[in-house]
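Please keep the sequence and the structure open as you go.

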Amino acid sequence: MIILTNDGELARRLSHPSSEIKKTYVARVTGKLSPQEIRRLENGVVLRDGFKTSGASVRIIRTSLRDTLVEITIHEGHKREIREMFKVFNKHVLYLKRTAIGSLKVDIVPNPGDIKKLTGQEIQKLLK
């Protein structure tokens with residue numbers, strides 16, 4: 001899910017961490033996540049560049065011997081933050097898809113790659 005806009009103020013509010021607009025992703029990562037690793041993600045981790053993330057919301061969708069499918073929600077958007085968070089635990093992100101920005105979910109468009117012009121009401125809802 002990507003929001004394209006020529007409204008600079010909207011773009012700033014959507015991307016700046018102080019707005020705390022949640023972004024939800026589904027990621028497939030190598031290996032299993034331990035309860036301790038999940039707790040650390042929920043409390044925030046220090047990335048390799050020294051940046052400390054805010055706590056994330058983490059939900060395991062499924063796990064297998066080789067990988068874990070996880071839903072993770074953040075609000076910061078530090079460069080490659082999701083990938084870097086999992087690198088802390090020596091896990092590689094094999095697949096990453098943003099499924100929601102704020103209250104807007106990817107299913108507002110019927111097919112991948114479709115474009116939808118947001119209504120004023122949807123934009124207001126997004127910023128709440």
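Contact, as used below, means heavy atoms within 4.5 Å. With neighbours within four places in sequence left aside, V106 is in contact with M1, R98 and T99. This is a predicted model, in which local features need pLDDT of at least 70 and side-chain atom pairs count only at pLDDT 80 or more, while totals for chains, interfaces and linings use all residues. Residues are numbered from 1 along each chain as its sequence is written, and side-chain values use heavy atoms, with hydrogens and water left out.

**Overall architecture**

- The protein has four helices and five strands, where helices (H or I, at least four residues) and strands (E, at least two) are DSSP runs numbered from the N terminus.
- Read from the N terminus, the order of elements is α-β-α-β-β-α-β-β-α.
- The radius of gyration is 15 Å, close to the 14 Å that the globule rule gives for 128 residues, so the protein is as compact as a globular protein of that length. Here the radius is taken over C-alpha atoms, and the rule is 2.2 Å times the number of residues to the power 0.38.
- The C-alpha trace spans about 45 × 35 × 20 Å along its principal axes.
- Of the contacts with a separation of 6 or more, 64% are between residues 24 or more positions apart.

**Surface and charge**

- Buried residues make up 34% of the 128 residues; buried means under 20% relative accessible area, exposed over 50%, and partly exposed in between (1.4 Å probe, protein chains only).
- The protein exposes about 8200 Å², with carbon and sulfur atoms supplying 51% of that area, as computed by the Shrake-Rupley method with a 1.4 Å probe.
- There are 25 positive and 14 negative side chains, and the centres of the two sets lie 4 Å apart. Lys and Arg count as positive and Asp and Glu as negative, with His and the chain ends not counted; each charge is placed at NZ of Lys, CZ of Arg, CG of Asp or CD of Glu.

**Salt bridges**

- Counting a side-chain nitrogen of Lys or Arg within 4 Å of a carboxyl oxygen of Asp or Glu as a salt bridge, the total comes to seven.
- E71 pairs with R59, their closest N and O atoms being 3.3 Å apart. The pair links distant parts of the chain, with E71 in strand 3 (residues 67-74) and R59 in strand 2 (residues 57-63), 12 residues apart.
- Both partners count as partly exposed: E71 at 23% relative accessibility and R59 at 44%.
- D67 forms a salt bridge with R62 at 3.2 Å between the closest N and O atoms; D67 is buried at 9% relative accessibility, whereas R62 is partly exposed at 38%.
- K116 and E122 form a salt bridge with closest N and O atoms 2.9 Å apart. Salt bridges that share partners join R28, R62 and D67 into one network.

**Two residues to look at**

- E81 is found in helix 3 (residues 81-87) and is buried without a salt bridge, the nearest side chain of opposite charge, K23, being 8.4 Å away.
- Not counting residues up to four places away in sequence, E81 touches T53, I74 and E76.
- V106 sits in the loop between strand 5 (104-105) and helix 4 (120-127) and is partly exposed, with a relative accessible area of 29%.
- V106 and Q124 are 18 residues apart in sequence and 17 Å apart in space, C-alpha to C-alpha.
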